[in-house]
Amino acid sequence: MARIFSGIQPTGGVHLGNYLGALRYWAEDQRAGESYYCVVDLHALTVPRDPAELRDETRAMATLLLATGLDPEACTLFVQSHVPEHPQLAWLLECTASMGELRRMTQFKDKAVKGGEEAARVGLFTYPTLMAADILLYGTTHVPVGDDQRQHLELTRDVAERFNGRYGDVFVVPEAVIPPAGRGARIMDLQDPTAKMSKSAESDQGMIGLFDEPAVIGRKIRRAVTDADGGAGAVRFDPDAKPGVSNLLQILAGATGREPADVASDYGRYGDLKAAAAEAVTEMLRPIQARYRELRADPATVDKVLRAGAERAQPVAAATLARAKEAVGLLPPR
Ligand code: TYM
């Protein structure tokens with residue numbers, strides 16, 4: 001049977017890229033195997049965070065995941081720091097991965113460049129080994145993620161294979177499950193369609209937040225950069241030649257469950273495409289936002305789901321960690 005694991009950082013700016021690239025597939029596929037979804041609060045500490053906000057955003061993210069349709073009867077939803085095995089296995093994997101392979105991680109390079117590598121937290125550097133631990137603890141076979149996590153998944157596989165090669169078969173080697181191009185794999189910034197939509201972008205005008213009001217969604221999409229040909233070109237799906245228009249097509253297709261190339265044939269003008277995309281995104285988010293508001297008023301229920309999730313996840317993680325510790329030669333306590 002498939003074991004599914006994925007995670008998301010609990011930071012305020014959860015956006016349409018997160019939803020179309022990952023979260024909606026989590027909800028769709030939660031019954032395709034034994035599934036685990038994790039709010040990765042430890043990962044959030046790799047850059048400065050306000051403690052009170054982090055606590056609040058962790059619960060808010062769990063609430064949002066329930067609002068998108070994760071069903072605690074069908075999947076295990078939990079907070080990373082509630083299962084202490086994650087950082088414990090991460091240490092064993094830090095002792096498996098090499099400096100060189102971590103230095104090649106583009107996410108580290110991008111983020112470290114912004115603040116300067118000297119000042120970057122060590123945790124930002126070792127982040128991918130904690131992510132590998134998240135995945136490997138659950139005997140995961142499938143990891144649903146957006147395209148930007150591809151390199152982290154390759155590292156996870158390499159580290160798992162190296163560990164197994166050295167110490168015997170402890171880990172299942174997982175596979176990334178990335179949506180096909182045009183089906184949410186990489187939603188781009190509305191203001192700069194050559195960069196991915198991201199919470200760390202300088203301006204939020206290129207990012208649609210999952211909590212944006214209809215008027216804000218409409219405005220951001222209306223102002224989205226289309227193409228250098230000044231609106232004269234046809235509406236067609238061609239991410240290389242027409243990144244802006246193709247991104248809008250991908251968004252509209254994602255929100256209506258269609259293929260971008262197929263959607264393109266319905267529109268002659270950029271203005272009509274934008275109006276349709278804004279409408280479709282608003283309608284897609286409306287029920288999620290309503291459910292979120294309801295659940296947000298009932299934090300005790302969310303906390304209960306998270307407690308039950310951690311209670312289910314922890315023994316699975318503990319069993320894998322015990323095998324890994326034994327394999328490397330750590331003396332068990334007697
Ligand atoms: P995070 O929190 O940045 O993003 C959560 C998910 O959203 C996807 N995503 C996108 N998909 C399409 N277009 C975009 N513009 C876009 N931006 C983000 C991401 O690919 C991801 O699937 N390192 C991970 C969190 C993590 C994790 C894990 C994931 C920690 N441990 C174990 C899977 C398994 C991250 O920072 O995702």
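**Overall fold and the setting of Lys111**

In the predicted model, 50% of the 334 residues of the protein count as buried.

The secondary structure of the protein consists of 13 helices and five strands. The radius of gyration is 21 Å, close to the 20 Å given by the globule rule for 334 residues, so the protein is as compact as a globular protein of that length. Along the principal axes, the C-alpha atoms fill a box of roughly 75 × 45 × 40 Å.

Contacts in the protein were also sorted by sequence separation. Among those between residues at least 6 apart in sequence, 76% join residues at least 24 apart.

The protein carries 39 positive and 45 negative charges.

Lys111 belongs to helix α6, which spans residues 106–115. The relative accessibility of Lys111 is 34%. This value falls between the 20% limit for buried and the 50% limit for exposed residues, so Lys111 counts as partly exposed. Beyond its neighbours within four places in sequence, Lys111 is in contact with Gln9 and Leu124. Lys111 was also compared with Ser200 in sequence and in space. The two residues are separated by 89 residues in sequence. Their C-alpha atoms are 9.4 Å apart.

Technical notes
Residues are numbered from 1 along each chain as its sequence is written. This is a predicted model: local features need pLDDT of at least 70, side-chain atom pairs count only at pLDDT 80 or more; totals for chains, interfaces and linings use all residues. Side-chain values use heavy atoms; hydrogens and water are left out. Helices (H or I, at least four residues) and strands (E, at least two) are DSSP runs, numbered from the N terminus. The radius of gyration is taken over C-alpha atoms; the globule rule is 2.2 Å times the number of residues to the power 0.38. Buried means under 20% relative accessible area, exposed over 50%, partly exposed in between (1.4 Å probe, protein chains only). Contact means heavy atoms within 4.5 Å. Lys and Arg count as positive and Asp and Glu as negative; His and the chain ends are not counted. The place of a charge is taken as NZ of Lys, CZ of Arg, CG of Asp or CD of Glu.
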